Amino acid sequence: MKTETVGDRIKEALFMRGMSQADLCHKSGIERGHISNITTGRIKYPRKHLSKIADALDVCENWLLTGQKNDSVRHNQYPIFSLVDNQLEEVGAWHTEMSLSGDLKIIDAGENLLIIADRLGEGPYLFHHLGALVTLYRHESLAHISWYPLQFDDSYTLIGKIISTISKELIDNETIKTCHG
């Protein structure tokens, strides 16, 4: 994800937390139009509300302004889960400066880390089926809910809604520690 501007970094932090701009407005008390002006680049250096935005996103003001890491930044550790012997088990941890909501789960899906939430609505969902991770897309219409590419049955176990996919190529390997191959 491109993070050259303050707006880009706000969008990255929102993405990593599974938050919308509306969520940020509610949490920070800042009007939606102002947040939109920052994320679209109309306001390049938003010093007026920077501390409120940083607090709401749980990031450092310096990172929002410059994109530079701060050595005094708190590092968070989140468990990583994967399928082991047909069961979802904790297999390691991801150490990051980003702060994720406590209701999110991180799943190791090979080349990607999937950020999973216990939410409903249209979008991609992760299931456990016959020893494999399977993604199905939930489509909602006025009359009913359908799943693509196929309908699932009782042999599928819902893990949660995929709110973010992060390529492991984009993550510093030193921040991911696993106890299984």
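Me: Which residue forms a salt bridge with aspartate 8, and how far apart are the closest N and O atoms?

Reply: Start with the term. A salt bridge is a side-chain nitrogen of Lys or Arg within 4 Å of a carboxyl oxygen of Asp or Glu. Here the partner of aspartate 8 is lysine 11, with the closest N and O atoms 4.0 Å apart. Keep the source in mind: this is a predicted model, in which local features need pLDDT of at least 70 and side-chain atom pairs count only at pLDDT 80 or more, while totals for chains, interfaces and linings use all residues. Residues are numbered from 1 along each chain as its sequence is written, and side-chain values use heavy atoms, with hydrogens and water left out.

Me: How are aspartate 8 and lysine 11 placed in helix 1?

Reply: General idea: an α-helix has 3.6 residues a turn, so residues three or four places apart point the same way. In this case, aspartate 8 and lysine 11 are three residues apart in helix 1, about one helical turn. Helices (H or I, at least four residues) and strands (E, at least two) are DSSP runs, numbered from the N terminus.

Me: Is aspartate 8 buried or exposed?

Reply: Use the cut-offs. Buried means under 20% relative accessible area, exposed over 50%, partly exposed in between (1.4 Å probe, protein chains only). Aspartate 8 has 9% and is buried. Lysine 11, at 35%, is partly exposed.

Me: How many salt bridges does a search of the whole structure find?

Reply: Three. Another one links aspartate 108 to lysine 168, with the closest N and O atoms 2.7 Å apart. Aspartate 108 sits in strand 3 (residues 105–109), and lysine 168 in the loop between strand 8 (156–167) and strand 9 (176–178), so this pair ties together parts 60 residues apart in sequence. Aspartate 108 is buried at 15%. Lysine 168 is partly exposed at 21%. There is also a salt bridge between glutamate 140 and arginine 138, at 2.9 Å, N to O. In that pair, arginine 138 is buried at 12%, and glutamate 140 is partly exposed at 32%.

Me: What does serine 146 touch, leaving aside its neighbours within four places in sequence?

Reply: Contact means heavy atoms within 4.5 Å. By that test, serine 146 is in contact with Tyr137, Arg138, His139 and Gln151. Serine 146 belongs to strand 7 (residues 145–148). Its relative accessibility is 9%, which counts as buried.

Me: Now a helix. Which residues of helix 4 are buried?

Reply: In helix 4 (residues 50–57), they are Leu50, Ile53, Ala54, Ala56 and Leu57. The arc is that of the directions from the helix axis to the C-beta atoms. For helix 4 the buried residues fall within 165 degrees, so they line one face. Their cover includes helix 1 (6–17), helix 2 (21–28), helix 3 (32–39) and helix 5 (61–66). Serine 51 also lies in helix 4. Serine 51 is partly exposed, at 34%.

Me: What follows helix 4?

Reply: Check the backbone angle. Aspartate 58 comes after helix 4, with a positive phi near 55 degrees.

Me: Which residues are buried in helix 2?

Reply: Leu24, Cys25 and Ser28. They fall within an arc of 100 degrees, so they line one face of helix 2. On the other side, His26 and Lys27 are exposed. Cover for the buried residues includes helix 1, helix 3 and helix 4. Glycine 29 follows helix 2, with a positive phi near 80 degrees.

Me: How many bridges join strand 1 to strand 2?

Reply: Two strands pair if DSSP finds at least two bridges between them. Strand 1 (residues 76–84) and strand 2 (residues 87–96) run antiparallel and are joined by nine. One example: proline 79 has alanine 93 in strand 2 as its bridge partner. The hairpin has two residues between the strands, and its aspartate 85 has a positive phi near 50 degrees.

Me: What pattern does the chain follow along the sequence?

Reply: Count the elements, then order them. There are five helices and nine strands. The order is α-α-α-α-α-β-β-β-β-β-β-β-β-β. Of the 181 residues, 41% count as buried. Among contacts between residues at least 6 apart in sequence, 51% join residues at least 24 apart.
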